Amino acid sequence: MIDWAWIAGHLDELGYRTLQHLYLTSVTVAVGLAISFGLAVWAVRQRAALGPVIAISGLLYTIPSLALFPFFVPLTGLTDLTAVIPLVLYSLLIFIRNIVAGFDAVPVDVLEAADGTGYTRAARFRRIELPLATPLVVAGIRLAAVSTIGLVTITGLIGDKFGGLGFFIFEGYRHSFETEIFAGALASIGLAVAVDLVLVRLQRRLTPWSRPAEVARAIGVPRPVTGPGMGV
Amino acid sequence: MDLPAGIAAWFADPGHWAGSAGVPARLGEHLALSAAALAIAAAIGLVAGAWVGHTGRGATLAVNLANLGRALPTLAVMGVVVPVTAAIDSQAGFKVWPAVIGLVVLAIPALLVNAYAGVSGVDRDLVEAGRASGMRGWQVLWRLEIPLAVPVILTGVRSAASQVLATATLAAIFGGPGLGRYLVEGYAQLNYPMMWAGVILVGALFALVELGLAMSQRLLTSPGLRLARGAAV
C-alpha cells in the first residue's frame, strides 16, 4: 500500500517543502499580525469602525480558498505574493477578533487606576494595556498559524512552485501515487501539530499568569454560587 | 468579455443547469456530502460531548483531543486516509471517502466542545433537584441537561455546519463531488466565469444555510429559555 522506499529516497525534497511550508506560514503570520494589530487598535478606539472591520474580514474569510488562490495569478504571476496575499487575507479575521478581545478584556478599573497614577495615553497603552492583552493576542497567533498551515497545503493548487508539503498531495494525485499523497499529508499533519504544541508552550511561557482560573479571579468574573449559606 | 458579463452568461446558459455537471446536480452533491459528514460527526461528537459533560469523566482528554483536532489540516486528513480508502474502493476511495472523513474530523471539535460545555454548564442545583425528584441518570441527561444545553449545542452545530459547507469544496481536488468542481475545473481550464459562478453558488448556499440554521436555533430553543434570557437582558 505504501512505498516506503520512495519516502526514504525523497527526504531532501520533503525537507525543502517543509521549509517552504514554514516560510509561507511565518511570512503570513508576521504580515497578518502587523496589519491586524493596526486595524484592531484603531477599531478599539473608534468603536464605530469595529463592525465594518469585522464584517469585511469575515466576508473575506468565507471566500473558498480554491477560488482565492487562483484569483491573484493573473495579477502577481507565480511569485510568492500570489500565495501570501490570500493567506494574509484569511488570517485577518482570526487575528482581529483575538486582538480586540484582548484589549476588551482589560478591566476598566485598571485603566482608571493607570490614569489616576498619571500615566500618559502612550505609556498606559504600552505598559498596561499591551501586557494585559497579550494572552489573547498570543492565542490568536496560535490559531492563525495553525489555520495558515492548513491553507498552505491548498496553495499547491496554484502550481508546483507552491504548496509546501501540500505539493506532494497534488502531485501524488496527478500521478495516482498514493504513497506521495500519504507522505505529504502525514508530514503536513505532523507540522501542524508540532507548531501548535510549540505555540502552546510559548503561550504559557509568555503569560505565566494566565491560568484561566486565575484570570477569572484577577478580573473579577463572578463565579457561580454553589455552596449553601453563601450570600446570607 | 469582462468577468461580470461572463459570469452572467455562464448562469444564463441552460446547459449549465442540466446533466450530471449542472448546477442542481452539483448543489445536490455538495449538500449530500456535507450532510453525511455532519451526521457522522454529530453522532460521534454530540454523544461523546454530552456523555463527558454528564459524567465529568475524561473532560480534559476530550477537550485536548478536540483542540488537537482543530489543528489538523483538512486536505491533509483527506490525503492521509487515501491509501486505506483507495485499497477498499478504487473509485469512491479517492473521490468520496477521503472528503467525508476529512469533513468529519473538521466538524467534531466544535460539536464535541459545545455539547460538553453546554451539558456541564447546567446549573448544578437543577441537576440536584432533578435527582431529588427521583430522576435517573439518563433522565437527568435527556430531560434536563440536554434541553437546557440546546442553545450552546446548536451554536456548535451551526459553526460545524458552516465550516463543513465551506470546506466541502476541497472534495473536488481529488475529483470528488460538489460545487468545488466549478472552482477546480474553472482554474484548470482557465474558465474564470465558471470559477466565479462557483464562488457565488458556494456563497449563496452558505448564506441560505446560515439563515436556516439561525431560524431552527430559535425554534428548537425551549420558550422558557428564550424568556429567561430576554428577562435577564
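Trainee: How many residues of chain A are in contact with chain B?

Mentor: Two residues are in contact if their C-beta atoms, placed from the backbone, lie within 7 Å, and here 29 residues of chain A are in contact with 29 residues of chain B. Please keep in mind that this is a predicted model, in which local features need pLDDT of at least 70 and side-chain atom pairs count only at pLDDT 80 or more, while totals for chains, interfaces and linings use all residues. Residues are numbered from 1 along each chain as its sequence is written, and chains are lettered from A and ligands numbered from 1 in the order in which they are written.

Trainee: Which elements of chain A give two or more residues to the side that touches chain B?

Mentor: Helices (H or I, at least four residues) and strands (E, at least two) are DSSP runs, numbered from the N terminus. Those elements are helix H4 (65-71), helix H8 (121-154), helix H9 (166-174) and helix H10 (178-206) of chain A, and H10(A) gives the most, with 11 residues.

Trainee: What kinds of residues make up that side of chain A?

Mentor: Ala, Val, Leu, Ile, Met, Phe, Trp, Tyr, Cys and Pro count as nonpolar, Asp, Glu, Lys and Arg as charged, and the others, Gly among them, as polar. By this division, the side of chain A that touches chain B has 20 nonpolar, seven polar and two charged residues.

Trainee: Which residues of H10(B) are buried, and what do they pack against?

Mentor: A residue is buried if 20 or more other C-beta atoms lie within 10 Å of its own, exposed if 12 or fewer, and partly exposed in between, with C-beta atoms placed from the backbone. In H10(B), the buried residues are B:Pro193, B:Met195, B:Trp196, B:Ala197, B:Gly198, B:Val199 and B:Val202, and they pack against H4 of chain A as well as helix H1 (3-12) and H9 of chain B.

Trainee: Why does A:Ser176 count as exposed?

Mentor: A:Ser176 counts as exposed because it has 11 C-beta neighbours inside 10 Å.
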